[in-house]
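Hello,

Here is the structure I promised to pass on. Please open it alongside this note; my findings follow below.

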Amino acid sequence: MTSTATAASAAIDATATQAFIQRWQHNTASELATAQSFVMDLCQLLGVDKPHPTPEQTYMFERPVTFAHGDGSTSAGRIDCYLRGHFVWESKKLKDGERQAAATGSSRRRFDDALLRARTQAENYARALPAAEGRPPFVVVVDVGHVIELYAEFTRSGATYTPFPDARSHRIALAELQQPEVRERLRTLWLEPMALDPSRASARVTRAVAVQLAALARSLEAAGHAAESVAAFLTRCLFSMFAEDVGLLPKAAGSAADGLGGFAGLLQRWRDDPATLQQMIAVLWADMDRGGFSAALARDVLRFNGKLFKGAEH
C-alpha cells in the first residue's frame, strides 16, 4: 500500500470513528433499545462480523444459558452478546445521575459499583456456559455509549477475570476509540483473543532473543573464542541488562535522558569503536565485582558478589 493510500485509509478510519463517537455519546435511548445497535455499529467500525443466529449458538445476541444451583434447581439466563471462545458481553445503560456523579468525582463509587455488578453478572454467565464450550478468555462490560471495560482470564480454567491490560487502562472511554491501538485491541477480541495473552507475547520475545543469542554465540566461537568464555560473556551481558532494568546499575554521569541504563549506554556510546567498548565493559565489570566508584560510568556502583564478574577484566 502506498503512503498516499495509507493516509487516505487512516483518514477514513478517523472520520468513521468520530462519527461513531458523536452518534453514541449523545444517545439517550434505553438499554433495551440501544445495546444491540451499539454492538452492531461497533462491529462495523472495527471491520468484524456482526452477531447472527446459528443453530450452534456460537455468535449471537441473547444467548441462553442455564444456571445450576446448589439445591439442585436451575434457572435460565441470557447473555447480551456471546462469541464462543472469545467473550461474554454484558451491556448496561447507566442513569445519567450515576454517570455525572462519577464525572464530577462526587460519587464515583456508585458508578463503579454499577459496572462491578455488571461484571459479576457477566462472569456468572461465563461460568454457566456448557463445559464442552469452555469459558471465553474475555468478559466485556459496557455502559452503552460511554465506556467499555475488558476483563481477561487466559487459562480459561474458571479462575477470576482480571482487568485487562491492567487496572489503570481496562476501562476504555468512548473517545479513546480515536486511538488506532485501542481499536486494534478491540478488533483482536473478535479475531484472535488469545493473541492478547501477555505470556504468549513474552514467549515470542524469549524465543526471538534465544535465536539471536545463539547466533551471536556461534559468531563469537567462529571468531576463535572458547565456548566457555563466550557463555560467561553472554551471561554477564544479560545480568548487566537485568541489573540496569531493575535500577541496580546507574546511568553514566552526565548522560542524556535517553532511557538507556549504564550498560546499554556504554554499548550505544561506543558501538562504532569496538576496542574502546571492550575496555569500558572490562572496567565496568571489574567495578561491579568489587563495588565502589566506576570510571566507566563516573558513578558509584554496587558490589555484585557471587563471582559472576570475577576475572571479567581479562
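**What I found**

Leaving aside neighbours within four places in sequence, His86 is in contact with Pro136, Pro137, Phe138, Leu189, Trp190, Leu191 and Pro193. Keep in mind that this is a predicted model. His86 sits in the loop between β2 (74-83) and β3 (87-92). Is that residue, His86, buried or exposed? His86 is buried, because its relative accessible area is 14%, under the 20% cut-off.

Next, the cysteines. A disulfide is a covalent bond between the sulfur atoms of two cysteines. How many disulfides does the structure hold? The count is zero. Cys43 takes part in no disulfide, and the nearest cysteine sulfur, in Cys81, is 6.7 Å away. Seen from Cys81, the closest cysteine sulfur is that of Cys43, and 6.7 Å is too far for a bond, because a disulfide needs the sulfur atoms within 2.5 Å. Cys43 is buried, at 0% relative accessibility. Cys81 is buried too, with a relative accessible area of 0%.

Last, a helix pair. Helix α7 (residues 227-245) packs with helix α8 (residues 262-269) at an angle of about 120°, and their axes are 7 Å apart. That angle makes α7 oblique to α8. Which residues make the contact? From α7 come Cys237, Ser240, Met241 and Glu244. From α8 come Gly262, Phe263, Ala264 and Leu267. By class, the contact of α7 with α8 has five nonpolar residues, two polar and one charged.

Best wishes

Note on methods: Residues are numbered from 1 along each chain as its sequence is written. This is a predicted model: local features need pLDDT of at least 70, side-chain atom pairs count only at pLDDT 80 or more; totals for chains, interfaces and linings use all residues. Side-chain values use heavy atoms; hydrogens and water are left out. Helices (H or I, at least four residues) and strands (E, at least two) are DSSP runs, numbered from the N terminus. Buried means under 20% relative accessible area, exposed over 50%, partly exposed in between (1.4 Å probe, protein chains only). Contact means heavy atoms within 4.5 Å. Axes are lines fitted to C-alpha atoms, for helices over the stretch in contact, and angles run from 0 to 180 degrees between N-to-C directions. Angles under 35 degrees count as roughly parallel, over 145 as roughly antiparallel, 65 to 115 as roughly perpendicular and the rest as oblique. Ala, Val, Leu, Ile, Met, Phe, Trp, Tyr, Cys and Pro count as nonpolar, Asp, Glu, Lys and Arg as charged, and the others, Gly among them, as polar.
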